[in-house]
Amino acid sequence: MLVRMLKNSLFRNKIQKSLTFLTCLLATLLLCTLLNITLSINDEVTKQLRSYGSNILILPKGSSLSIEIGNQIYEPLKNKNYLYEEDLHIIKEIFWRNNITAFAPFLEGKIQVRNPLNNQIKEALLTGTYFQKFLNIADEEDFSTGIKTLYPFLEVNGRWAKDDSLDEVMIGEDFAKNNGLQINDTLVLESATKKQSVKIVGIVLHADKMSNKIISSLALAQNLFDKKNMYSRAEVSALTIPENDLAQKARRDVGSLNQLEYDTWYCTAYVGSIAYQIEEDLKGASAKPLNAISDAESLVVKKIQTLLSVTSLLCLIVASIAISSLMSSEIHRRKKEIGLLKVLGANTFEIYFLFASENLVVALIAAFFGFIFGIGLCELISLSIFGHFVGIAFATLPLSLVFAGIIVLLGCLLPLKNITNLAPAEVLYGR
């Protein structure tokens, strides 16, 4: 009987049902778009922010604090330790290996630079690193890393120097301007024990910290400073999730976590847990998250997710009010039918259930189409913002169906008083 009544009422007032369909369609379309963006925004924003540099710094344990001011490096305690280049592959072999997108070792020091054209000698800072070097990583044969991947915003006039080259260097744009140097110029680099003639093959733009330095391969820096197979620090770029209260607690003191909290923190891609695991596996190293960067990532993602959540809530409220208005109009139009149902013994809940069921069927159909169009809209937004499509979160389909159901149930609940107040005798007599 209920199925027959639903079937008859669904096709009776097409205008009211069309408006209900359109309301639920627009609401679920917006919800599905926001949900799909919310579920993908963390990874996408993190990837975008990761293009601006590293978020984990690796130093030798017990290494003294070095401070760079201008073009000078100050080491107050004169206690300089180093890490071994042969162990770098361990960074990419921890539990969170797939979250490590890039890393680069650095070896820095002061050298004397002589320009053969005018025989002028000047002190400068040399930074040895990887540009884009292939490493032997377990189960990942084609992995390459270096500052080209770690800092994708870098631009180069000329070309990148070759990794392991002993006769090619690059220079920062400020160093080039201050010393009147150009591509293909030759310099002689002199350390305390070594001398090497090199050719400038590229000028690095937007290098920030390296703008007033000479940038060479790690092999050349090791040779000049007599530090074979060594580096002084490494920077790592890792994909992470925003920090919550647990991550903040672990940041203050990992030892304060109980076993359950520790396991949860350890097995979640927080920047602190990834740094902790690097420090565990890379012997003699101290890995520290760059909290200013990770905090900025978390703040941006949380604000975006909060904005989307508030928008979804407002959408729910507005759609429910619209359905309530349509329901009030439908109850007024069908008040004689409601009076007859009451005379036949139907109570208020049963009448409410009938009206709610009609709208629920329409809402679920609208939610399915809202999901399809919402995914399409989400992909268009992602393409315009990130330059590529994001993955489809199929969890949004059941969520859209639930959302549509809540809209209908709330919208039908508000006019329930109108059903209760209808007196069968007055309605059937047309009063």
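**Aromatic pairs, a surface patch and paired strands**

A search of the whole predicted model finds eleven aromatic pairs.

Q: Why is the pair of Phe21 and Phe369 called edge-to-face?
A: The ring centres of Phe21 and Phe369 are 6.4 Å apart, and the cut-off for a pair is within 6.5 Å. Their planes stand at 65°.

Q: What makes the pair of Phe21 and Phe369 a tie between parts apart in sequence?
A: Phe21 lies in helix α2 (residues 14-50) and Phe369 in helix α11. The parts tied together are 348 residues apart in sequence.

Q: Why is Phe21 counted as partly exposed?
A: Its relative accessibility is 28%. Buried means under 20% and exposed over 50%, so Phe21 falls in between.

Q: What relative accessible area makes Phe369 partly exposed?
A: The value for Phe369 is 36%. That lies between the limits of 20% and 50%, so Phe369 is partly exposed.

Q: Why is the pair of Tyr262 and Trp265 called tilted?
A: The planes of Tyr262 and Trp265 are 45° apart. Stacked needs under 30 degrees and edge-to-face over 60, so tilted is what remains. The centres are 6.1 Å apart, and the limit is 6.5 Å. Both residues lie in helix α7 (residues 259-266), three residues apart, about one turn of the helix. Tyr262 and Trp265 also belong to one aromatic cluster with Tyr266 and Tyr276.

Q: How do you know whether Trp265 is buried or exposed?
A: Trp265 has a relative accessible area of 3%. Buried means under 20%, so Trp265 is buried. Tyr262 has 22%, so Tyr262 counts as partly exposed.

Q: What makes the nonpolar surface patch of about 520 Å²?
A: Val361, Ile365, Phe368, Phe369, Ile372 and Phe373 make it. Patch residues need over 30% relative accessible area. Phe373 has 48%, so Phe373 passes that cut-off. Phe373 is found in helix α11 (residues 348-386).

Q: How do you know that the charged end of Arg233 sits over the ring of Phe106?
A: The charged end is 4.3 Å from the ring centre. The distance limit is within 6 Å.

Q: What makes β6 and β13 paired strands?
A: Four bridges join β6 (residues 120-129) to β13 (residues 214-217). Pairing needs at least two, so the strands pair. They run parallel. Leu126 has Ile214 as its bridge partner in β13.

Q: In which sense do β10 and β13 pair?
A: Strand β10 (residues 168-172) pairs with β13 in the antiparallel sense, over three bridges. Val169 stands opposite Ser216 in β13.

Methods: Residues are numbered from 1 along each chain as its sequence is written. This is a predicted model: local features need pLDDT of at least 70, side-chain atom pairs count only at pLDDT 80 or more; totals for chains, interfaces and linings use all residues. Side-chain values use heavy atoms; hydrogens and water are left out. Patches are made of residues with over 30% relative accessible area and no salt bridge: like charges are joined within 9 Å, nonpolar side chains (Val, Leu, Ile, Met, Phe, Trp, Tyr) within 5 Å. Accessible areas come from the Shrake-Rupley method with a 1.4 Å probe; for residues, only the protein chains shown count as cover. A salt bridge is a side-chain nitrogen of Lys or Arg within 4 Å of a carboxyl oxygen of Asp or Glu. Helices (H or I, at least four residues) and strands (E, at least two) are DSSP runs, numbered from the N terminus. Buried means under 20% relative accessible area, exposed over 50%, partly exposed in between (1.4 Å probe, protein chains only). Rings of Phe, Tyr and Trp (its six-membered ring) pair if their centres lie within 6.5 Å; planes under 30 degrees apart count as stacked, over 60 as edge-to-face and the rest as tilted. A charge sits over a ring if NZ of Lys or CZ of Arg is within 6 Å of the ring centre and within 35 degrees of the ring normal.
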